[in-house]
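I opened the model today and kept notes as I went. Here is what I looked up.

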Amino acid sequence: MVEQTTDLTTRAWTRYSRKERWIRFAIYFITLFAAVWAVRDIDIFWPWVWDAPTQIQNLGGRMWPPELAAWPAILNAMLETIHIATLSTMLTIFIALPVSYIAAQNTTPNRLTLWIGRFILVSSRSVNTIIWALLFVAIFGPGVLAGILAVMFRSVGFIGKLMGEAIEEIDRRPVEAMEATGASRMKVVLFGIVPQVMPAFFAIVILRWDINIRESTVLGLVGAGGIGVLLQGSIDTFAWQTVATILLAIIALVLMGEALTGMLRKKVL
């Protein structure tokens, strides 16, 4: 009888099987093909791309040093931007909370209201803030009102979706206990659901306010108020030193908003 032995040391270890390697190669090829196709299809004018470093250097030279004489007007525009973000966030709460209630599976009255709520949330998130701003500028004319409504309509989907998920994750035992005692639906909501989602509510609203500050800085590019109006006007008149000052002000505003929201979230969570 001949004893057969297998030399395990001669086997080469591979991370992926042959089939898995071919699948990975196919994914890489498809991704590369899609990227090349996209670049060729958008018709890029490559001489401008190669000339971009020179143009950036030239523009940077024209922006330096920043023009500080326009600071009072920039400060007023920054305050207007903050007001747009704050008012739109506050108005969003009154719309987003009812929508999140009917968009949550464990609190919606029926399947119809569930899909209505989710349709509102998806519609809000699907349209960019600038598109909302263009729409409301066409309706109400240029100004702060169009900016407030644009940011508000965009924020409804964000706050409503996250609040709906928070409602779906609540502990059902307090709710069931109140329902067993015969408590009304309003009392169940106020004392069984609201206390559980309040920390998430404050955290979400603070986060959205921070996002709204950033989005409000560009609304002026389409005439919806805020510091973007001043920025667009400076670009149109080639006042590049003023543009540099406005950009620095926007960066400072965003950093201050980030620091403030960070502190507030630590207090809430």
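Is Glu80 buried, exposed or partly exposed? I found Glu80 partly exposed, with a relative accessible area of 30%. My cut-offs: buried means under 20% relative accessible area, exposed over 50%, and partly exposed in between, with a 1.4 Å probe and protein chains only.

Before going on, I noted that this is a predicted model: local features need pLDDT of at least 70, side-chain atom pairs count only at pLDDT 80 or more, and totals for chains, interfaces and linings use all residues. Residues are numbered from 1 along each chain as its sequence is written, and side-chain values use heavy atoms, with hydrogens and water left out.

**Entry: Glu80.** I placed Glu80 in helix H3. Helices are DSSP runs (H or I, at least four residues), numbered from the N terminus. I then listed what Glu80 touches: Val144, Gly225 and Gly226, not counting residues up to four places away in sequence. Contact here means heavy atoms within 4.5 Å. I also checked Ile139, which is 59 residues from Glu80 along the chain. Their C-alpha atoms are separated by 21 Å.

**Entry: H6 and H8.** Two packed helices are described by the angle between their axes and the distance between the axes. I looked up both for H6 (residues 144-168) and H8 (residues 185-216): the axes come within 9 Å and cross at roughly 150 degrees. Axes are lines fitted to C-alpha atoms, for helices over the stretch in contact, and angles run from 0 to 180 degrees between N-to-C directions. H6 and H8 are therefore roughly antiparallel to each other. That term needs an angle over 145 degrees; under 35 is roughly parallel, 65 to 115 roughly perpendicular, and the rest oblique.

Which residues meet? On the H6 side I noted, among them, Val151, Arg154, Phe158 and Leu162. On the H8 side, the list includes Ile193, Phe201, Ile204 and Glu215. The residues of this contact between H6 and H8 divide into 14 nonpolar, three polar and three charged. Nonpolar covers Ala, Val, Leu, Ile, Met, Phe, Trp, Tyr, Cys and Pro; charged covers Asp, Glu, Lys and Arg; the others, Gly among them, are polar.

**Entry: aromatic pairs.** How many aromatic pairs does a search of the whole structure find? I got eight. Rings of Phe, Tyr and Trp (its six-membered ring) pair if their centres lie within 6.5 Å; planes under 30 degrees apart are stacked, over 60 edge-to-face, and the rest tilted.

The ring centres of Trp22 and Phe25 are 6.4 Å apart and the planes stand at 90 degrees, so I logged the pair as edge-to-face. Both residues lie in helix H1 (residues 18-41), three residues apart, about one turn of the helix. Trp22 is exposed, at 61% relative accessible area.

For Trp132 and Phe136, the centres are 6.0 Å apart and the planes at 20 degrees, so this pair is stacked. Both sit in helix H5 (residues 129-140), four residues apart. Trp132 and Phe136 are buried. Ring pairs link Trp132, Phe136, Phe140 and Phe153 into a cluster.

**Entry: backbone.** I found a cis peptide bond joining Trp64 and Pro65, with omega about 0 degrees. Pro65 lies in the loop between helix H2 (46-63) and helix H3 (71-103). Phe238 has phi near 60 degrees, a positive value in a residue other than glycine. Phe238 belongs to the loop between H9 and helix H10 (240-268). Phe238 is exposed, at 60% relative accessible area.

Key: Helix = DSSP H or I, 4+ residues; strand = E, 2+ residues; numbered from the N terminus.
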